[in-house]
Amino acid sequence: MMRALCSAAFVALLLQPAGAMAQSSQFKGWAAVSRELSIRLAPQGHPFELDEFLPSGSMDELLGTWTTFGTEHRFRNGTPNALNMTIWHAALAGFAKAVGQSCTSPRLMFHERFLTTLRTLCAWPAPAAKEEGVLLAFWTSVMGYNAGEHEYAAWRDFFLREYANQPATETVAAMTFAITMHPSFLLNR
Amino acid sequence: MARPRLRRAQLGVVVVLALLALAGTKARRGQMLVNPATAQPGASAVVEETEGVLEGASLWQKRWWIDRTARLLRGGEGLGPEDDLAALLPLSKERIARRFMLDERFGDTILDFNLFFLGFKSDQLKSASAYDRTVFDFPNAVAAAQALLKDGDYFKLFDLEGPFYMAPLRSEPLDEPPQPGDEGLTLAQLRSKAMREIEAVFADALALAQARPAPRLADLCKAVEALADSGQTLTPQLHRAFDDAEIFALIRGEVLMQPLEMLAKVAEKACDERTAPAAARRSLLEGLESALAEIKRAFSAIAEFEPDRYQPKSVLEFKRFALSAFPTKQKWLSFGFEQGMALGNSSTNFNRKRAAYVLKRFFCDDLIPIGFESPQEHVAGVHGSQTSCYACHHKLDPMAGFFRTYGAYFFDYARSPDIIFDDLASKDRVLYEAVWKAASKLPAWNIGYIRSARFQSYNSYGTSMGDLARILRTAPEVKRCLVKRLHEYIVAEDQTIDRGYLDYLTREFEAEAAVNASRAFKSTIVRLLQSAAYDQRDADPKRCYDAAPGSLPGEGPPCRVAFILSKNCAQCHNAGADDEAARLDVGSWIPAPDGQRRIFRHLDDKLAQLSARDSLARVIERLSSTDASVRMPKGRVMAGDERQELFLWAQEELARILEQTRP
């Protein structure tokens, strides 16, 4: 199922409107993505230590970075390619899995508001977890408003259909992974 | 991302720095928006001050705009669960932006932009709420950010000399293993130990001078001369407790070098046989007292930056180092350690790297070699006789002159007979500086910002860093560059901007900045946040989404160059012209003869439309010719960045055509 999600994410990259394809969209970079997730999901003042999900400590520089030393700084490694997509996949799959596992054995510290949404979602496949308000709250908590409303609808319908009877841990992980691998989440614009 | 980025320069840096020394001898609850409440999107429509009821896509779009703007204006921190999105939605975009600007984190945004402008932006300013130590390396960026938060002089960004914001002293262990006797010490303890050791060396010499009965003058002279000559021992002894950036500050502040040099001079005079013994003793005693006092004063000021005493949480908490505590007592050059690394000079490049940096960063001049107007006087030197070189060097070399006394790591050798470069070569300083001595008609030095090689009255000349700062503060090109970079920072780096719109933004900024630069800068931010380009989720980077008020979008040339053409060329090359210039109409944009492209109405001698390829080739030739009778616009000076942009556009278009027509 995760493989299908990953393929869907790649296809989503290709299905961007013509305007988006015309530009050389760049990744936001690991630092920016980590900050966004921490601001939205972590308790205030206690950002996530997401580096633990990187396959290797210094790989963050391959995901788009301004930081260098001894030369003028420009944004490097931001153009999507096979290597950095693989690193993103590995890192965010690890993060998504940790979010999913939080349904049974919490690994990450979350903000109380997100935790409330997550607890309800962890009742999946119970009907309460599939309510529109819960799904929308989860989507906006992770994605913010980076993606258009129709993107949310596609995500919701996909999980209501394909994961209708899957266990919560797997579903929440897949939901998180699908959002964080979405181009609107990863790319600058 | 709490992992601090520990940057250590190579060992070679330490060696160079040492040689230089010897050669010269929380929680943020209070910062969040008021009334924290749910940030969940509600289904209900919202009444907006200016747009009425927002529903569906409009509502979603506004939420996206608010989230994006929060992220932009709060140092990368977008909307979180503590934010009251519902309270923000009814507000106008300007009010929302102004509200975010009141947040303490807005200071981080400005500091981040300043670093972007200077070409040294980082992924993050802070790790685990502590500012990255490299941020402190850009004092003009810090000073300008502080000023902006207090509605002060934001143009401190252009001051190349000013305060020094020392970073909290390092707390992580140094890379090198501790020396014998230093094992087990924390870095703070090691610093204290090293500084006390140095003080003790000076204190011992002073004790000898004060001893009763007094030592023999010869013995005292020997002791003072030995101390003055002990730089090679004392420097590594002190530096072992500091990292490269801190050593850079110790050297620039001449913490050890100046007292030792002073003692050497005192000893040379006092220990001369012709000096009376009593006067000699008194002189040596006073010299030692003064040297020890200088050392103690500097160490005491440095200790104020121990991390347990100093750890700023916001831009406004950045503390100035008391430069009066350094023996040099001089203003701090804004080019710090990292710029020292990035902008090295050698014995052969004559500061051209530094000049190119200033032109690129402050003037948005990328030094595209587009030719130049032939000077009215002969230009000497290899770069002067080769026009392709002179196209850049006529701007580069005079700009480089501002750095003529600065050697390796921007160390100022103005008081030294020789100057040492980053390649460790040295030259006689006076001979070296003579490169910038001007020919007859210019001021004494051929140093300045050159707008025209042919018409000197367009240029801004000076000799010092203060003069360069004055030029930066007053040059219209710099203000336009600042606004252009702000557009890149807020909208996107690769987003095309209509030059007319850029000129409009700059004009507004300049008018407001004449009263208050900080308020003008904030207003410009608001304008950009309200722009159509900023409101695009999937913008086409080649499209101009905004135009100056009153301008009419039409079927003209591409927006990237339309305004440049209108401003510089359309006066002669327009549809109504009745002379030879009428063969080119830069306001037109018609189908080319091949039917595939669009091009200017551009006629040849037989009044037949030129192909797109030939038309562009002629435009390029006219822009880049060094022959004043061919170069366009005739008899006028075209702004360098505009010529550059038009030239690049024409070249890119031509390259595309050639690529498409290749068999």
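Predicted model: local features only at pLDDT ≥ 70, side-chain atom pairs only at ≥ 80, totals over all residues.
Next I looked up how the two helices pack. Helix α6 (residues 132–143) and helix α7 (residues 149–162) of chain A meet at an angle of about 120 degrees, and their axes are 11 Å apart. That angle makes α6(A) oblique to α7(A), because 65 to 115 degrees would count as roughly perpendicular and over 145 as roughly antiparallel.

Then I listed who makes the contact. From α6(A) I noted A:Glu132, A:Leu135, A:Leu136, A:Phe138 and A:Trp139, and from α7(A) A:Glu151, A:Tyr152, A:Trp155, A:Arg156 and A:Leu160. Sorted by class, this contact has seven nonpolar residues, three charged and no polar ones.

I moved on to α4 of chain A, residues 82–101. Its 20 residues should span 28 Å at 1.5 Å a residue, and I was pleased to see the end C-alpha atoms 28 Å apart, which agrees.

Last, I checked the backbone for exceptions. Most peptide bonds are trans, and most residues other than glycine have a negative phi. The bond from A:Trp124 to A:Pro125 is cis, with omega near 10 degrees; A:Pro125 sits in the loop between α5 (112–121) and α6 of chain A. In chain B, a cis bond joins B:Arg212 and B:Pro213, with omega about 0 degrees, and B:Pro213 is in the loop between α7 (187–210) and α8 (217–228). B:Asn351 is not a glycine, yet has a positive phi of about 65 degrees; I found it in the loop between α13 (337–342) and α14 (352–363) of chain B.

Key. Residues numbered from 1 in each chain as written. Chains lettered and ligands numbered in written order. Heavy atoms only, no water. Helix = DSSP H or I, 4+ residues; strand = E, 2+ residues; numbered from the N terminus. Expected span 1.5 Å × (residues − 1). Axes fitted to C-alpha atoms, helices over the stretch in contact; angles between N-to-C directions. Parallel < 35°, antiparallel > 145°, perpendicular 65-115°, else oblique. Contact = heavy atoms within 4.5 Å. Nonpolar A, V, L, I, M, F, W, Y, C, P; charged D, E, K, R; others polar.
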